[in-house]
Amino acid sequence: MRRLLPVPAQQEELGHRAQQGPDLHRVPDRRRDRTAGLTHDPQPGARPTAPPALANGVASTAFITFTLLGLVLGAVYAIAASGLVLTYTTSGIFNFAHGAQAMLGAFLYWQLRTGWNWPTPLALLAVLGVAGPLMGGLMYALVMRGLRNTAEVTRIVVTVSLMLGMLYLSQWLWHPEEPRVSEMFFGVDATVPVLGATLRVHELIALATAAALALALRLLFTRTRTGVAMRGAVDDPDLLRLNGHDPERIALLSWAAGSTLAVLAGILITPVGGGALEATALTLLVIDAFAAAMFGRLRSIPRTFAGAVILGLAGSYVLAYFPSAWSWTSNFRVSLPMIALFAVLVALPQDRLRGAAVRTRERYRVPSVRSAAAWGAVLVASVALLLPLMEDTAVTTLTLGLTFAVVALSLTLLTGYAGEMNLAACSFGAVGTLVAFHTGIAGSGLDSRLTVWGVLLGVAAAAVVGGLVALPALRLRGLYLALATMAFGVFLSTMVLRDTTEHHVLGHTFTIFPTGSITVPAIRVGPLDLRDGPAFLITVAVLFAAIGTGLVALRNSGYGRRLVAMKDSPAASAMLGQNLVRLKLSVFVLSAAIAGLGGILMSSALGAVDTDTYSIVVSLSLLMLTVVAGIGYVSGALFGGLLAGVGFSLLVTTFNDLAAADPDLAGLYRLLGHLVTVSPALIGVGVGHNPSGTVHQVVEGYRSLRRARPVLVGGAVLEAVLYLLTLSGAMDRWWFGILTVVLVMMLPLLGRMLMPAAVLGPEEHARQRRALSEPADDDVPRTERDLRALDRALGLPAPTTAAPGVRRGTA
């Protein structure tokens, strides 16, 4: 499986390709798939090569072999899924970072066993006995414990942030270009005959471990007080305390145990899957266990293990018995867990409609349409003013960031306004891009252009697909809906976007993704040719401002109020006669159309896209940064999209250039670059403390400056001076950018320092002054005169004379 570059490593590659143009020489790689014990080529027409056990051609032996190999894969899925069930049962938090924990454990085991030549028992003891529990315990103690009684979107974003942070950390510690292969226990040649077939000892150990864990966990949850306490830790923690248990300690132990199971699954599945260790691929492979966990509804260990076994057997039988003429067999087998996840989510009974919103700290101020239009004009004017200061590569980079912001607007509508989850926004952008590519390109070679009809068809196709995805998922909410959209995104990446074969339908021949990459030319509408970089940038800025203003108008309309009512209380909204099915379907369609338009613009800005451009990791990063910025604001979509598209990759590129230019400080610059890489995850973890987003804080800070107009005017004048100095060449562009960011962030603080009475208001300013003048410590000794003055202020009668040596207030 090819490596999927996570953001911001992927951002850097996207930005480079946007500047260099399309790569037309990509050749599909050959991979070794050990999940079914077979070597196969993902190219069209490839036929799986049977392992030695199948050489005799006996059908019964073949069936036994594929059954055993399916059971092995199912056993590893079961181990990983049981860890998910364990953590969710005790905390109510679905850990999206579970696969990343498995990945980190696998890399650490490789480092100890292969990199440093530790003995296998000692390496296992260090990873499973120390690193695994410590990782889970720290996650709960530092992050998860503070997420009780928060909204589902906050929990999802925080765990997604941890997943991305672990991916970036693994690429920091273990460079992705260096191959690393994890060996099987006792070697690949250690085999055991089973019912006439051959099973490796490593695979037998995986089966035995899964069986032992299934029995142990079943006994734990049904026969022990600790297991009952684990279930009560999330159901009723107060009642659990009355029975002498500490819910926090039980949840901490559960997260430590769940992390250990994830690490164990990562160690076992890596040699079974074969090939080199790849961070993103291994993370997504363990995510396949989500389907097994949902099969047991995150509660039942026996049903979870049964679902894992079904998944493993289905994948093995698909590879064994699907006809060789079906070129999509390999992609279908890889996508099978996500298909099963979507099916299980749709089939499972749902919880009742909730009566009130969970997150009460979330506060969004809805601007007026006039205000939104004015700020949209300011955005377009700002972009136009920046154009003379930017080089051609910077223009392309900023254009790419704004296209990400357009995709992020779909999240503002769907999640910020309606409260519905979508973890695969970029996947709808991929749908729009594919349809526009196949239907809307005119001309050939350098003269090829993307027509407006192709763009409209792409947007319409994304809207239709959004409706089709929403139809079976209309009854889903919260976590279930988030997992369903994630399943769709992974399925699209592994099944549709990896289809490079020719198809013949009604006399037409076409290929969905030729050679794994497609070239998307610039759009031309009459005299407007977006091949010109500045024209493309201004056009995208105008589109973002127009769509953003339209969303604000929609939010202030009756339709927008119905969306907010559905978000706050679905039960009350339904009782008032609202058709929640129609409402949810319409907002999904509209959101998918916006994402489709953003995806087409992003592909055109890049020039060439491949299957990794729209990976689920990119969608998760965009969601995380948009929530951090403020998903209920159009400006939150702007800043979140800019950060996801170009922000962090630009900083990483800058530090790399500084390292190359100054060898003496190269180590420091590279360290800063790695810290920038990990910083998005650290920012995402903090969303639990500020669910309204950073834009909300900035807006509130500037709102108080309205009464301090001299500070605002002074800041505007200073910014104009910086701009003129940069335009004349007296100041470097980088210094202009740095000083502008510092000025924007520091202006509210300067207002408090220079004009505190105007910024805080007379009453608040007087209260703070009194608080500063009063003694901070109530234990400071007071004289009799101070006490009499306090009694008079409180209206108390004069005290009698105290006996000598006795202090007032003492017994």
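**Exercises on helix packing and aromatic contacts**

The charged end of arginine 180 lies over the ring of tryptophan 110, at 5.4 Å from the ring's centre, where sitting over a ring requires NZ of Lys or CZ of Arg within 6 Å of the ring centre and within 35 degrees of the ring normal. The model is predicted, so that local features need pLDDT of at least 70 and side-chain atom pairs count only at pLDDT 80 or more, while totals for chains, interfaces and linings use all residues. Residues are numbered from 1 along each chain as its sequence is written, and side-chain values use heavy atoms, with hydrogens and water left out.

**Exercise 1.** Describe how helices H5 and H10 cross, and which residues meet there.

*Solution.* Begin with the axes: those of H5 (residues 152-173) and H10 (residues 279-287) come within 10 Å and cross at roughly 145°, and the crossing is right-handed. Next, list the contacts (heavy atoms within 4.5 Å): Met163, Leu167 and Ser170 of H5 meet Ala279, Thr280, Thr283 and Ile287 of H10. Finally, sort these residues, which gives four nonpolar, three polar and no charged.

**Exercise 2.** Explain why H10 is described as largely enclosed by the rest of the structure.

*Solution.* Take buried to mean under 20% relative accessible area, exposed over 50%, and partly exposed in between, with a 1.4 Å probe and protein chains only. Nine of the nine residues of H10 are buried, and therefore the helix is largely enclosed by the rest of the structure; among them are Ala281, Leu284 and Val286.

**Exercise 3.** Characterise the aromatic pair of phenylalanine 96 and phenylalanine 290.

*Solution.* Rings of Phe, Tyr and Trp (its six-membered ring) pair if their centres lie within 6.5 Å, and planes under 30 degrees apart count as stacked, over 60 as edge-to-face and the rest as tilted. The structure holds 12 aromatic pairs. Phenylalanine 96 and phenylalanine 290 form an edge-to-face pair, 5.9 Å centre to centre with 85° between the planes. This pair links distant parts of the chain, 194 residues apart, with phenylalanine 96 in the loop between H2 and H3 and phenylalanine 290 in H11. Phenylalanine 96 counts as buried because its relative accessibility is 0%, and phenylalanine 290 does so at 1%.

**Exercise 4.** Work out how tyrosine 317 and tyrosine 321 are arranged.

*Solution.* Their pair is tilted, with 6.2 Å centre to centre and 50° between the planes. Because they are four residues apart in H12 (residues 301-321), about one helical turn separates them. Tyrosine 317 is partly exposed at 24% relative accessibility, as is tyrosine 321 at 46%. Together with Phe63 and Phe66, Tyr317 and Tyr321 form one aromatic cluster.

Technical notes: Axes fitted to C-alpha atoms, helices over the stretch in contact; angles between N-to-C directions. Helix = DSSP H or I, 4+ residues; strand = E, 2+ residues; numbered from the N terminus. Left-handed = near helix turned anticlockwise from the far one by under 90°. Nonpolar A, V, L, I, M, F, W, Y, C, P; charged D, E, K, R; others polar.
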